[in-house]
Amino acid sequence: MEKGHSHTLKVWRQKDAISKGEFKTYKIDNVSTGSSFLEMLDILNEKLLEKGEDPIHFDHDCREGICGTCSLYINGRPHGPDRLVTACQLHMRSFKDGETITIEPWRAKSFPVIKDLIVDRSAFDRIIQAGGFVSVRTGSVEDANAIPVAKKNADEAMDAAACIGCGACVAACKNASAMLFVSAKVSQLALLPQGKVERKQRALKMVAQMEEEGFGACTNTGACSAECPKGIELTHIARLNREYINASLTAEEK
Amino acid sequence: MKLDSKIPEGPLAEKWTKHKFNLKLVNPANKRKYDIIVVGTGLAGGAAAASFGELGYNVKAFCYQDSPRRAHSIAAQGGINAAKNYQNDGDSVFRLFYDTIKGGDYRAREANVYRLAEVSSNIIDQCVAQGVPFAREYGGLLDNRSFGGAQVSRTFYARGQTGQQLLLGAYSALSRQIAAGKVEMFPRTEMLDVVLVDGEAKGIVTRNLVTGKIESHSAHAVVLATGGYGNVFFLSTNAMGCNATAAWRAYKKGAYFANPCYTQIHPTCIPVHGDQQSKLTLMSESLRNDGRVWVPKEQSTAESLKKGEIKPKDIPEEERDYYLERIYPSFGNLVPRDVASRNAKNVCDEGRGVGETGLAVFLDFRDAIQRDGKDVIEAKYGNLFQMYEKITADNPYETPMMIYPAVHYTMGGIWVDYNLQTTIPGLFAAGECNFSDHGANRLGASALMQGLADGYFVLPYTIGNYLANVSSAKISTDHEAFIEAEKAVEERINKLLNINGHKTVDQFHKELGKIMWDKCGMARNEKGLKEAKKEIKQLRLDYWKNVKLIGANNELNMTLEKALRVADFLELGELMVDDALNRRESCGGHFREESQTEEGEAKRDDENFTYVSAWEYKGAEKEAQLHKEILEFENVKLTQRSYK
């Protein structure tokens, strides 16, 4: 087996939401290149615990890139240097031996820090609650094949639905805009016949909630899409803009 | 207490319909007077909470994650079964029922499984209406594929992210109810005990994971939908936070725990890379539809591979052993999970395993790519191949994948009757957290089906029957039962925080996992199990003397969270071993080495073990008491499973 890597880590430590945070420096040796980034943090945390120091708190759960819980800003990029992966799927082979790695939480007013690298992303939940659904009651539905959906539309809806709600788009954006997140849901449901009935209300309400949460404006720089671990494309923002303008002009109820 | 499964009278196909009619109803105007607590917001809990809200009940929903959208149902890749027969290939409710009973090795209740198959169609309808983007054919209709062990195409899927899409569907329905004020959501909140008032479940005690605050919540009924206990093994495909605490606390308050030894070891996971590994990653078993499983015929070839002297593609056809196709010609690579896993273990035990550790087998797409073209394979499995490459740095289009079995799902769980009610009145259990529908082995694409069946289509009916019989008077959390439960929780936390030992929680957890994997894993025998029982007990006693925690209760403290969970795993592990010891037969995921055929296949003992083992807690340091629910089969004939 090849020898593991050594790294210097600069990690954001913040006791709680109200305390002031700061970077702390840690050294770590003999990290297997096959380890994931979070496993590297596990090893560091075990060492901190053995020394009686508070471990570095970070959000994580499924560790297979789908739950959207992990949220690390690594060397100035959400989820780190690799394309199309979350931090939990980032592997240490992506870093050079001896490299210094800086780890921060998502930085956005709408995602306040709770502790260390953990932020509060409940704003995303409230945006979905504002309209990111189709209003169907359990049981009151017709046969699944009653309405055919063109494969192209179903596929594109799936492309949008792949969003894991991690917030990397917000963290990547200089304005901390949530447009990519919002557009993914609006786009998915606008593309499917099941979502058409409520499409105008949905676009208006979700955008209104997004603004209320304090997310910034979109200036189409595309940083969100470039950093999105699921490759959600900017075309969804274009569709959201169309949906929104159309709804603003024609919706009977606002 | 005698176990009453409350299976309705009458012919199998009419039981659920008749039962629904016989269930008492809560008047629409009265529903708002009843409160229901739902713990867990995965497919079962999310669907149940949303559906209760739609009906008009007041719901409080809890999850340990930062959002209900992150429950581990999200990680299911392959698909969801439904007896739609859209493919005109001979599927039916009865066939899905039959396959599930047979796949479960005749250790599940006929009536429950039939109901599951019956409502499976409604689930697909419901999800499509919510905007779940299932895969479609060019004509616009829903696409299906066949899945591990099934000979019809009944699996609906959304690329390799079916669980995610179904969960986001349930989450959207839940979000709608939260917005409507019918569901109050408590994220980052963990249930640490269930509270009984006059013998009935009337609430829970929780810990706010951000502030550490211990709180009581009361309700007229409590639903646990808290998932499985695979993390007992430390390494599993479960999320890091998955735990058994809610189920275990319920057990200690009087809910029987059924078939704890039934664990599913999934055959297609990415092999362990070393001792720094924190969890295992599953590759959807849909890959077995096109991938061929093999190892070298000779041990010497495997050795050369390990040393890097040759590459997999250098091994000629005649030196490869496609062992599943060889041993099981009619099912080949599509044999059920337990069979595929055990055979992988066998060939590795023979020294023919591949990879650095020798604990891996090949899953090869060479022939499928030659047959269908790279584009077709990429369209089907592109995201899985990408995920594999990210983790292993190997390109599966060029070189075969390596896979090895890993703990994935637990068929055992809290015992429930036909209404999904536990032995504690007012306490219900749904999804993976109950034991009900998969017998000793779960078929692929059936977990999503069961979670949503319980949440959308079973509990909304059966819980009403319970509520209709209880008073709607509000229950105060000042009741002494709540105060006592809170006190017990606080004492437990303080005890852990004050041990100040010298071993971390993870070190204990890893040791527990190793005992479980070695002695209560893919193959079990009496000697090993007896050793395991002693070792686990020793480890548990040591834990309460030597575990080391940092920090306090009144803050976000992930070490404390883990310590509470591992304390419960240490107790549950022992019960799993007790159950495995008691069941001196092989069935499904439970392989007792003493009970096998001459060919080394699992041998059931129907005469002595056609029952559900339901364990009752008798107090600390006392042996649990076994209760047997005899399983009766009126509609299927018990046969030895054969996939040859």
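Is R63(A) buried or exposed, judged by its C-beta neighbours inside 10 Å? R63(A) counts as buried, because it has 25 C-beta neighbours inside that distance. A residue is called buried if 20 or more other C-beta atoms lie within 10 Å of its own, exposed if 12 or fewer, and partly exposed in between, with C-beta atoms placed from the backbone.

## Basis of the description

This is a predicted model, in which local features need pLDDT of at least 70 and side-chain atom pairs count only at pLDDT 80 or more, while totals for chains, interfaces and linings use all residues. Residues are numbered from 1 along each chain as its sequence is written, and chains are lettered from A and ligands numbered from 1 in the order in which they are written.

## Backbone and domains of chain A

R63(A) has a positive phi of about 55° although it is not a glycine. R63(A) belongs to the loop between α1 (37–50) and β3 (73–74) of chain A; helices (H or I, at least four residues) and strands (E, at least two) are DSSP runs, numbered from the N terminus. L84(A), also not a glycine, has a positive phi near 60°, and is found in the loop between β4 (77–78) and β5 (100–104) of chain A. With 16 C-beta neighbours inside 10 Å, L84(A) counts as partly exposed. Most residues other than glycine have a negative phi.

Chain A is divided into domain 1 (5–114) and domain 2 (122–250), with bounds that come from an automatic or database domain assignment. The C-alpha centres of these two domains of chain A are 29 Å apart. Between them, 18 residues of domain 1 of chain A are in contact with 16 residues of domain 2 of chain A, where contact requires C-beta atoms, placed from the backbone, to lie within 7 Å. The domain 1 side of this contact in chain A has nine nonpolar, six polar and three charged residues. In this classification Ala, Val, Leu, Ile, Met, Phe, Trp, Tyr, Cys and Pro count as nonpolar, Asp, Glu, Lys and Arg as charged, and the others, Gly among them, as polar.

## Overall form of chain B

The secondary structure of chain B comprises 17 helices and 19 strands. Its C-alpha trace spans about 75 × 60 × 50 Å along the principal axes.

Buried residues make up 60% of the 644 residues in chain B. Of the contacts in chain B between residues at least 6 apart in sequence, 74% join residues at least 24 apart.

## Nonpolar core

The largest nonpolar core has 288 residues, of which I36(B), V223(B), L224(B) and I414(B) touch the most other members. Such a core is a set of buried Ala, Val, Leu, Ile, Met, Phe, Trp, Tyr and Cys residues joined through C-beta atoms within 7 Å. Beyond its neighbours within four places in sequence, L224(B) has contacts that include V39(B), A246(B), A250(B), I414(B) and C433(B).

K102(B) lies in helix α3 (residues 93–103) of chain B and is partly exposed, with 18 other C-beta atoms within 10 Å. The C-alpha atoms of K102(B) and I36(B) are separated by 35 Å, the two residues being 66 residues apart along the chain.

## Helix α7 of chain B

The buried residues of helix α7 (residues 299–307) of chain B are T301(B), A302(B) and L305(B). They lie on the same side of α7(B), because they cover an arc of only 100° around the axis, taken from the directions from the helix axis to the C-beta atoms. The face turned away from the buried side of α7(B) carries the exposed residues S300(B) and K307(B). The cover over the buried residues of α7(B) includes β12 (292–296) of chain B. Just after α7(B), G308(B) takes a positive phi of about 80°.

## Contact between the chains

In the contact between the chains, 64 residues of chain B meet 65 residues of chain A. Of the chain B helices, α5(B) gives the most to the side of chain B that touches chain A, with nine residues. By class, that side of chain B has 26 nonpolar, 24 polar and 14 charged residues.

Conventions: Contact = placed C-beta atoms within 7 Å.
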